[in-house]
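This report walks through selected local features of the structure, then turns to the contact between its chains. Please keep the sequence and the 3D view at hand.

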Amino acid sequence: MAVTIVNYTPGITFVNSVYLDTNILVSARDRKSQRYNSAALLLGDLFSNEVDLFITNLVIDEYIWALLRAYYRRDNRKELNQHIIKANPQVLLQYHWRIASGVKKILKFRRLTLASNLVPSKEIVVKAVNLMRTQLLSPRDAFHLAFIMKLNIDGIVTSDGDFDNLQIRRKNLIIYKY
Amino acid sequence: MLQISMPSETPDYQIKSTKTDVKFNYTFHTPSRFQKINPILSGTHFYERYKGLNLLYYQEIMDTKDFEIFIGFIGEEIVGVKERDFEIYYPED
């Protein structure tokens, strides 16, 4: 049993269940993203293959932050940071409608499971903290992987390399890179 | 003294019904790849939005409802998200 990395090419087949990393949702939505085409094509293939899709609240949180930062940078030509938000929380309202619209569309995906409440939180916390040590993952990535393992999800779609060096003995996991 | 008289049998306004054939002579230009798809996909804006994607392929192999959700989601933003936007830890200024 092992982790297998598969580089996405249009038309490939998928395992039955896949966890969506935030970057595919953002990149498929933003046609100015360098990964727009591949992310959109991959999402199309996941839809057409009728793959069961999984996300958690963490993914939605990251999705919101990514777009919030991009909106702010586009309109103000500078980076959004915590100081700006604390000084002027109205910034959040400025982009709320657009972000809420995107989130609503994600939740409309058929075969999408928002898996946050499918596993007792305590189990996830214990698992994630353990994975930080055994897999040398950041806390956030450890939580993503904890959900994947607890729910026995077959694969993950991502553009980053945070999961490339996993050493998991008791589970097969396919990492679709795009 | 100027006198204006109108025959009583003549109405103040007389509207004659006429039949006019109005012919519009124009042509919609729709990128060929979208011609079989829903008309909302035609036009430059939508062409740009789905540029590089073979939507006809996805329309053919995808469930109708899935396709509707798919095209409603992809490419709707033009914001230029960068890799660092996915980092959850903020570097301090």
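N152(A) sits in the loop between helix 8 and strand 5 of chain A. The model is predicted. Phi of N152(A) is near 55°, a positive value, and the residue is not a glycine. This positive phi comes just after helix 8 of chain A.

Is N152(A) buried or exposed? It is exposed, because 10 other C-beta atoms lie within 10 Å and the cut-off for exposed is 12 or fewer.

## Helix 8 of chain A

Helix 8 of chain A covers residues 139-150, twelve residues. At 1.5 Å a residue it should span 16 Å. Its end C-alpha atoms are 16 Å apart, so expectation and model agree.

Which residues of helix 8 of chain A are buried? They are D141(A), A142(A), F143(A), H144(A), L145(A), A146(A), F147(A) and I148(A). Two helices of chain A take part in packing against these buried residues: helix 3 and helix 7 (121-135).

## Helix 1 against helix 3 in chain A

Helix 1 (residues 22-29) and helix 3 (residues 57-76) of chain A pack with their axes 9 Å apart. The angle is about 40°. The crossing of helix 1 of chain A past helix 3 of chain A is right-handed.

Helix 1 of chain A brings T22(A), L25(A) and V26(A) to the contact. Helix 3 of chain A brings V59(A), E62(A), Y63(A), A66(A) and L67(A). By class, the contact has six nonpolar residues, one polar and one charged. An α-helix has 3.6 residues a turn, so residues three or four places apart point the same way.

## Two loop residues in chain A

R77(A) lies in the loop between helix 3 and helix 4 (82-87) of chain A. Its phi is near 55°, again a positive value in a residue other than glycine. R77(A) counts as exposed, because it has 7 C-beta neighbours inside 10 Å.

V15(A) belongs to the loop between strand 1 (3-7) and strand 2 of chain A. With 17 other C-beta atoms within 10 Å, V15(A) is partly exposed. Which residues does V15(A) contact, leaving aside its neighbours within four places in sequence? The contacts are D154(A), G155(A) and I174(A). Q135(A) is 120 residues from V15(A) along the chain, and the two C-alpha atoms are separated by 23 Å.

Chain B has three helices and zero strands. From the N terminus on, its elements run α-α-α. The chain has 93 residues, and 19% of them are buried.

How many residues of chain B are in contact with chain A? The count is 25 residues of chain B, against 33 residues of chain A. Helix 2 (55-61) and helix 3 (64-73) of chain B each give two or more residues to this side of chain B. Helix 3 of chain B supplies the largest share, six residues. By class, the side of chain B that touches chain A has 14 nonpolar, four polar and seven charged residues.

Note on methods:
Residues numbered from 1 in each chain as written. Chains lettered and ligands numbered in written order. Predicted model: local features only at pLDDT ≥ 70, side-chain atom pairs only at ≥ 80, totals over all residues. Helix = DSSP H or I, 4+ residues; strand = E, 2+ residues; numbered from the N terminus. Buried ≥ 20, exposed ≤ 12 C-beta atoms within 10 Å, placed from the backbone. Axes fitted to C-alpha atoms, helices over the stretch in contact; angles between N-to-C directions. Left-handed = near helix turned anticlockwise from the far one by under 90°. Contact = placed C-beta atoms within 7 Å. Nonpolar A, V, L, I, M, F, W, Y, C, P; charged D, E, K, R; others polar. Expected span 1.5 Å × (residues − 1).
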